[in-house]
Amino acid sequence: MLRDITLGQYYPADSPIHKLDPRVKLLGTLLYIISLFIFKGYVAFVLAAVFLIAVIKISKVPFSYMVKGLKAIVILMIITGLFNLFLTPGTELWRWWIFRITKEGAQNAVLMLFRLTFLIIGTSVMTLTTTPNQLTDGLEKSLHPLNKIHIPVHEISMMMSIALRFIPILIEETDKIMKAQMARGADFENGNLIKKAKAMIPLLVPLFVSAFRRANDLAMAMEARCYRGGEGRTKMKPLHYQKRDYIAYVIVILYLAAMIALKIVWNTFVVPAA
């Protein structure tokens, strides 16, 4: 399960998506997430799926590697689907005791599962095709105008970069601790949910100690190198837009415009007819 977490990991490949400016990928991911919440119909998810599959194909990242990241949030997806299924009011389809399923609840549960799936995979495309350094530079450059109102953009970008770098390190550390505890007789697989939660306590304590130790070592190293934030700092590889970046902007904007147009047509002709 731990090795199924792909957030913060980079998949090296020679693809047009990898070569794009990180600002394009940040904005593209944001617009894609917005598009998932603009329209609530199944037709919109077909368009979103086609667009996402095309991007994954161009990125040359194996689709199985993308889907692997969903395993880590299966519980969250199930809980979200159940809440939508049983707590949405509407036309009743089935009832037992205090549980009730409505037509609207079933539709919302399915749509929410699709939405979460596309959201996680779409975000994974950005992180798998962009290094943490590129993400930091792209975020800092995109938010640079906020410096005028005294928002610490560089520090925010640095924290994001450090968090992304720590994810694979902590996953590897957790795997090592689990194997060491299993060698001492710990059982993380068998038993009910409560027993599994209790079995995680011997895992969490050394993991937190290791995380705090790494954070302290990093802070000491930055202090020893006289790190004082982004004031007066320059970039070894400054970001510059290329022709392919402008083309990518146009494609993403056209996709979002198509989604908005589809919503308008749906609300004008399909919904009134229904």
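User: Before we start, what does "buried" mean here?
Analyst: Buried means under 20% relative accessible area. Keep in mind that this is a predicted model.

User: Fine. Is Arg23 buried or exposed?
Analyst: Arg23 is buried, and Asp21 is buried too.

User: What does Arg23 form with Asp21?
Analyst: A salt bridge, where the closest N and O atoms are 2.9 Å apart.

User: And which ring does the charged end of Arg23 sit over?
Analyst: That would be the ring of Tyr241, with the charged end 4.0 Å from the ring centre.

User: Switching to aromatics. How many pairs does the structure hold?
Analyst: Nine aromatic pairs. Take Phe51 and Tyr255: their ring centres are 4.2 Å apart and their planes sit at 15 degrees, so that pair is stacked.

User: Which helices do Phe51 and Tyr255 lie in?
Analyst: Phe51 is in helix α3 (residues 42-59) and Tyr255 is in helix α11 (residues 243-273), so the pair ties together parts that are 204 residues apart in sequence. Both residues are buried. They also form one aromatic cluster with Tyr32.

User: What about Phe114 and Phe118, what kind of pair is that?
Analyst: A tilted one, 6.2 Å centre to centre with 40 degrees between the planes. Phe114 and Phe118 are four residues apart in helix α6 (residues 103-128), so about one helical turn separates them.

User: Where do those two fall, buried or exposed?
Analyst: Phe118 is buried at 11% relative accessibility, but Phe114 is partly exposed at 38%.

User: Last topic, the surface. Which residues form a nonpolar patch?
Analyst: Val74, Ile75, Ile78, Ile79, Leu82, Phe83 and Leu87. Together they have about 680 Å² of accessible area.

User: Which helix holds Leu87?
Analyst: Helix α5, which covers residues 74-87. Leu87 has a relative accessible area of 58%, so it counts as exposed.

How values were computed
Residues are numbered from 1 along each chain as its sequence is written. This is a predicted model: local features need pLDDT of at least 70, side-chain atom pairs count only at pLDDT 80 or more; totals for chains, interfaces and linings use all residues. Side-chain values use heavy atoms; hydrogens and water are left out. Patches are made of residues with over 30% relative accessible area and no salt bridge: like charges are joined within 9 Å, nonpolar side chains (Val, Leu, Ile, Met, Phe, Trp, Tyr) within 5 Å. Accessible areas come from the Shrake-Rupley method with a 1.4 Å probe; for residues, only the protein chains shown count as cover. A salt bridge is a side-chain nitrogen of Lys or Arg within 4 Å of a carboxyl oxygen of Asp or Glu. Helices (H or I, at least four residues) and strands (E, at least two) are DSSP runs, numbered from the N terminus. Buried means under 20% relative accessible area, exposed over 50%, partly exposed in between (1.4 Å probe, protein chains only). Rings of Phe, Tyr and Trp (its six-membered ring) pair if their centres lie within 6.5 Å; planes under 30 degrees apart count as stacked, over 60 as edge-to-face and the rest as tilted. A charge sits over a ring if NZ of Lys or CZ of Arg is within 6 Å of the ring centre and within 35 degrees of the ring normal.
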